[in-house]
Amino acid sequence: MTQNKVGFSKLSKEEKINWIATNHFANPKEAIAVLHQYKNSDESLQKLHDEFIENTLTNFYLPLGVAPNFTINGKNYTIPFAIEESSVVAAASKAAKFWGARGGFKTTILGTEKIGQVHFTYEGDKQILNEYFNFVKPFLLSETEDITKNMQKRGGGISDIQLVDKTEALENYYQLHATFQTKDSMGANFINSCLEQFAKTFKNKSEEFGINSIQIVMSILSNFVPNCVVRAEVSCSVSELNEDKNITSSEFAEKFLTAVKIAEVEPYRAVTHNKGIMNGIDAVVLATGNDFRAVEAGVHAYASKDGKYTSLSHAKIENGIFTFWLDVPLALGTVGGLTNLHPLVKFSLEMLGNPSATELMEIVAVAGLAQNFAALRSLTTSGIQQGHMKMHLNNILNQHKATKEEKQLVISHFENKTASHNLVVDFLESLRK
Ligand code: MEV
């Protein structure tokens, strides 16, 4: 523990690795070998990754897979997925093929507004604060001109700033609630820079105005973006909906609809239902270098915006037409951040045709809807385990160091049976006897 006093961050990478290995591992040599195994032999690439974060020891790989044949608004896409969970990519590919033969996915951008707030306290007369806000608002805009001029050239900028009285929720608490358009960038740095300048101007001018009790608490963008939303949708006639011979099309459509309604009314189910949607969304968000934590936080806040956590997707049958759609808030960027830095992010974006941020919102939402469709189709027909375990089989076999021959025998044995971890291990052991 003496190393902490020296300052771990000041050590070289090799020193950090040695310190970790000797202080935390029974077999330091083995620990060091694992870290080195994941190091990239291309030094400049390794340096790039080392510098993304602090105290980097090595790389943590996730597989990058692709789901081809997505038709979105008549255009063909191959979508990249960075994810560790088996069966997600297969499910997306299957849903892409299914809906590709039925007109493809359609999307609509419902809004692109981003939000940021300066949180402050004030103890005086509310009327005076209102007068002060009207006085200072033009200065809030003029004193951020240096920050906003480039964004304005690209068609974005500050849309509005409002004074919000939150004193009923918390004594003396007010906000400057600002809205922004950030075009193809996610906009976090732009928004936070504007907000910090608002805070300075707001505080400085208040003293000139004769107000002394304004205390700036903090200035930060919000990851809740209920007006930065995209809709992804599929539809077809009920008669075209089913490919499973064990159930009629209309029975399947009704069952599917009920499954969606259950997620709309039952939070326990809604969370899992939405988790399936996020399997698609997070994987594409990650592959395209976007901030999946921000997206996750914003999506679940949106799912509970009316006071109760509910499904992000909805379905209806009208005049024999089945429609299934998803509304999802997505603050994404295709410029800035990791997009120009990470070689695989650049690869993913180029594979998607270097989309604008709104086009990427559409693609990501479609990946979410495709996942949700695939999950509900399995859940309401064969059950999830049959397909899932088929895809997971390889993980179990690798875990038990199965040979190529053993893998083939196990896979053909479980071809038409639902596998489980124990059944696979039992069968593998019977082969080895
Ligand atoms: C598993 O990763 C996702 C599902 O649980 C989603 C769902 O239940 O809808 C299959």
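Residues are numbered from 1 along each chain as its sequence is written, and side-chain values use heavy atoms, with hydrogens and water left out. Because the model is predicted, local features need pLDDT of at least 70 and side-chain atom pairs count only at pLDDT 80 or more, while totals for chains, interfaces and linings use all residues.

**Exercise 1. Domains**

Task: State which residues make up each domain, then describe how domain 2 and domain 3 meet.

Solution. 
- Step 1. Take the bounds, which come from an automatic or database domain assignment. Domain 1 is 8–50 and domain 2 is 64–110 + 233–374. Domain 3 is 114–222 and domain 4 is 387–432.
- Step 2. Find the separation. The C-alpha centres of domain 2 and domain 3 are 35 Å apart.
- Step 3. Look at the contacts (heavy atoms within 4.5 Å). Eight residues of domain 2 touch six residues of domain 3.

**Exercise 2. The largest pocket**

Task: Describe the space and the lining of the largest pocket.

Solution. 
- Step 1. On a 1 Å grid over the protein atoms alone, a cavity is a set of points where a 1.4 Å probe fits but cannot get out. A pocket is an open set with protein on both sides within 12 Å along at least five of seven lines. Lining residues have an atom within 4 Å of a point.
- Step 2. Give the volume, the space filled by probe spheres set on the points, with grid points joined across faces, edges and corners. For the largest pocket that is about 1500 Å³.
- Step 3. Go to the lining. It has 43 residues, and F52, G289, L338, H342 and V345 lie nearest the centre.
- Step 4. Name the elements: helices (H or I, at least four residues) and strands (E, at least two) are DSSP runs, numbered from the N terminus. Two or more lining residues come from each of α4 (43–50), α7 (145–153), α8 (188–208), α10 (267–287), α11 (292–303) and α12 (343–351). The largest share, four residues, belongs to α12.
- Step 5. Sort by class. Ala, Val, Leu, Ile, Met, Phe, Trp, Tyr, Cys and Pro count as nonpolar; Asp, Glu, Lys and Arg as charged; the others, Gly among them, as polar. The lining has 22 nonpolar, 18 polar and three charged residues.

**Exercise 3. The second largest pocket**

Task: Repeat the description for the second largest pocket, and say which domains supply its lining.

Solution. 
- Step 1. The space is about 900 Å³.
- Step 2. The lining counts 32 residues, with A91, A374, A375, S378 and I384 nearest the centre.
- Step 3. α13 gives the most, seven residues. At least two come from each of α5 (88–100), α10, α13 (357–380) and α14 (384–399).
- Step 4. By class, eight are nonpolar, 16 polar and eight charged.
- Step 5. Domain 2 and domain 4 each supply at least three lining residues.

**Exercise 4. Two residues and their contacts**

Solution. 
- Step 1. Set the cut-offs. Buried means under 20% relative accessible area, exposed over 50%, partly exposed in between (1.4 Å probe, protein chains only).
- Step 2. S219 sits in strand β7 (residues 215–222). Its relative accessible area is 14%, so S219 is buried.
- Step 3. Leave out residues up to four places away in sequence. S219 then touches Q117, V118, L195, E196 and A199.
- Step 4. N274 belongs to helix α10. Its relative accessibility is 0%, so N274 counts as buried.
- Step 5. Beyond neighbours within four places, N274 contacts H300, A303, Y309, T310, S311 and L312.

Solution. 
- Step 1. Define the bond: a side-chain nitrogen of Lys or Arg within 4 Å of a carboxyl oxygen of Asp or Glu. The structure holds 17.
- Step 2. Take R231 and D327, which meet at 2.6 Å, N to O. R231 lies in strand β8 (residues 229–237) and D327 in strand β10 (residues 321–329), so the pair ties together parts 96 residues apart in sequence.
- Step 3. R231 is partly exposed at 27%, and D327 is buried at 12%.
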